[in-house]
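Let's take a walk through this structure together, from one residue out to the place where two chains meet. Have your viewer ready, and follow along as we go.

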Amino acid sequence: MSALGLVGLELRARRRRLLALVAFAAVFLAAAITGRVLATGEHGQVDVNTLFLVGGLPLASGLLVLGWILGRYPLVAVLVLMAGLVSYDRTEGYARVYAVRPTSLLRIYGLRFLTLGAAAFALSAVLMPTFDLIMLGGEWAGPATFVLILAYVIGYGGLVALLSVWTRGDAWIALLLALVSLVWNALSQAGMLAGAPPGTVELITFLLPPQAQFLRLEGAFADVKPIPWDAFAFIAGYGVVMLALAGLSLAGREV
Amino acid sequence: MPGTAMIAFEAVTKRFGARRGRGGVEALSSVTLEVPAGEAWGVVGPNGAGKTTLFALLLGFLHPTEGRVRLGGAAPRRYLRRHGASYLPERFRLPPEWTVRPTLVALARLEGYDAAEARRRADQAIERFGLGPHAGKAVGALSHGLLQRLGLAQALLGEHELVVLDEPTEGLDPLWRIRFRAVVEELRRAGRTVLLASHDLAEVERLAGKAVLLERGHVREILDLAPTGGERTYRLELAGEAPALEEAFPGAEPMAGAPGVYRVRAADAAELSRRLAALLDAGAVVASVAPATEALEERVRRALGRES
């Protein structure tokens, strides 16, 4: 594949973002090691009660927050690495340098998507099990971890790709949509949207990123339950539709 | 395929910010143009005339609001996917973190060459454009002139029928301008269709056979730059009187605003020398003689001045 020559350059161009993500991952690992050193429980795992006795509420709640954010690390990695996937090239004029070559832009940006998706996956796939192993005293959530990461890469990667064909604020809009869908899902589950006009809740839920499915995958990851493959399939389908729309849009879009 | 139209603009209008084809700012207006294959054409005009928009439409970066653009008889994007083009954008840029040699290798791979051939072509381009000492540098660390040379190097990695250069000599020092001319001459000899936009009218006159004069999105004139009847034009400056000028150089014309300076014609250097000898024999004192590179400038000024 002739576009393969760009892979090294793509990673080089994003090396600062990669380093930032590695540094961000190091915060989690440092917190896990700190917890482990200060409060190892009977079975070798970090014991929150002991942690509370050692550092009070700030230390215990800090570690819980980190644990919550850790589940979203793949989302953060996807947004950071894929921001400007197409839009940056259009703004800076790089896309025109590619567009005159006897190769398809779809191939170039498709390969970039795969490269950055693989990088986001690799970073998350190292961090999340390592964090588990430190915190749980040698145990980890198993393959559900990788399924969760893959779901984020496909689902949100597809969303960023589509937005990036259309606008420069791709990753920020994707983040906003992720947050809205998080809150929307919580409101829905709490029954607070019961008064909405018929069909509205379903329509908005359908249009937003599939947060309910992500929560099911996260639940399996956190509680070491069987993987809900239907939830993964839904997210993968959502991502593939987004990617297909991005490809169609790219073919007709001015560069 | 000399003689057939490589580039065709059919009543092309481009409006930016138009809604359903209406309103917006008109960058190009009803442009109709045909460039035969194998010819070198210049595109000239003041800032904002529409030169870059013309190129963007030609290469399918932008879609016309009205009319149609054809490249080799096909829609631009379809043509480019199949054949590609050599293109140097105005203000050429690439990601600043990229390094020179791997960039050229990667872009050569996009031209469809295998890894070994891509490396060979990259090294050839590095050599041709004097980038050897800078091959390991990041693009962001290159000076303006070096970046322009990298732009030319990447544009000419492939051997395409169509060559489009937007302000190619911008930022080049005099030595590299001369080398650039040799490169374009090479492309012309190889029968490529070359389109170049430049504010340097002398450069266009040297390199192109015709020039499209754009103003405010309209084609004002298509100027024929080929020497008339196979003759070349020279700028002859005489000190004092001009005895027997008409006999030595029939059709000599005084140049506007330059007393003692004439535009004269000769088929080649040998004929020019013979005619000059006749002039000197008649007692004229020649102060200078040079190719009349300013002719296009005068014609552009006249064409624009007539309308504006």
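## Starting from one residue

A:Asn185 counts as buried, because its relative accessibility is 9%, while the cut-off for that class is under 20%. Keep in mind that you are looking at a predicted model. To find this residue, go to helix H9 of chain A, which covers residues 170-189. What does A:Asn185 touch, once residues up to four places away in sequence are set aside? Its partners are A:Gln211, A:Ala212 and A:Leu215.

Now zoom out to the whole of chain A.

How does the overall size of chain A look? Along the principal axes, its C-alpha atoms fill a box of roughly 65 × 50 × 30 Å. The radius of gyration is 20 Å, which agrees with a compact globule, because a chain of 255 residues packed that way would have a value near 18 Å.

Next, turn to the contact with chain B. Chain A brings 28 residues to it and chain B brings 32. Between them, an area of about 2700 Å² is buried, with carbon and sulfur atoms giving 60% of it. On the chain A side, A:Val100, A:Arg101 and A:Pro102 lose the most area to chain B, and together they make up 24% of what that side buries.

Across the interface, three salt bridges are found. There are also 12 residue pairs in polar contact between chain A and chain B, counting pairs with both residues at pLDDT 80 or more.

Which elements of chain A give two or more residues to the side that touches chain B? They are helix H1 (7-13), helix H5 (87-92), helix H6 (94-99) and helix H12 (229-252). The largest share, five residues, comes from H6(A). By class, this side of chain A has 15 nonpolar, six polar and seven charged residues.

Key: Residues are numbered from 1 along each chain as its sequence is written. Chains are lettered from A and ligands numbered from 1 in the order in which they are written. This is a predicted model: local features need pLDDT of at least 70, side-chain atom pairs count only at pLDDT 80 or more; totals for chains, interfaces and linings use all residues. Side-chain values use heavy atoms; hydrogens and water are left out. Helices (H or I, at least four residues) and strands (E, at least two) are DSSP runs, numbered from the N terminus. Buried means under 20% relative accessible area, exposed over 50%, partly exposed in between (1.4 Å probe, protein chains only). Contact means heavy atoms within 4.5 Å. Buried area is the accessible area (1.4 Å probe) that two parts lose on being put together, summed over both. A salt bridge is a side-chain nitrogen of Lys or Arg within 4 Å of a carboxyl oxygen of Asp or Glu. A polar contact is a pair of N or O atoms within 3.5 Å; within protein, one must be able to donate a hydrogen and the other to accept it, and residues adjacent in sequence count only if both atoms are side-chain atoms. Ala, Val, Leu, Ile, Met, Phe, Trp, Tyr, Cys and Pro count as nonpolar, Asp, Glu, Lys and Arg as charged, and the others, Gly among them, as polar. The radius of gyration is taken over C-alpha atoms; the globule rule is 2.2 Å times the number of residues to the power 0.38.
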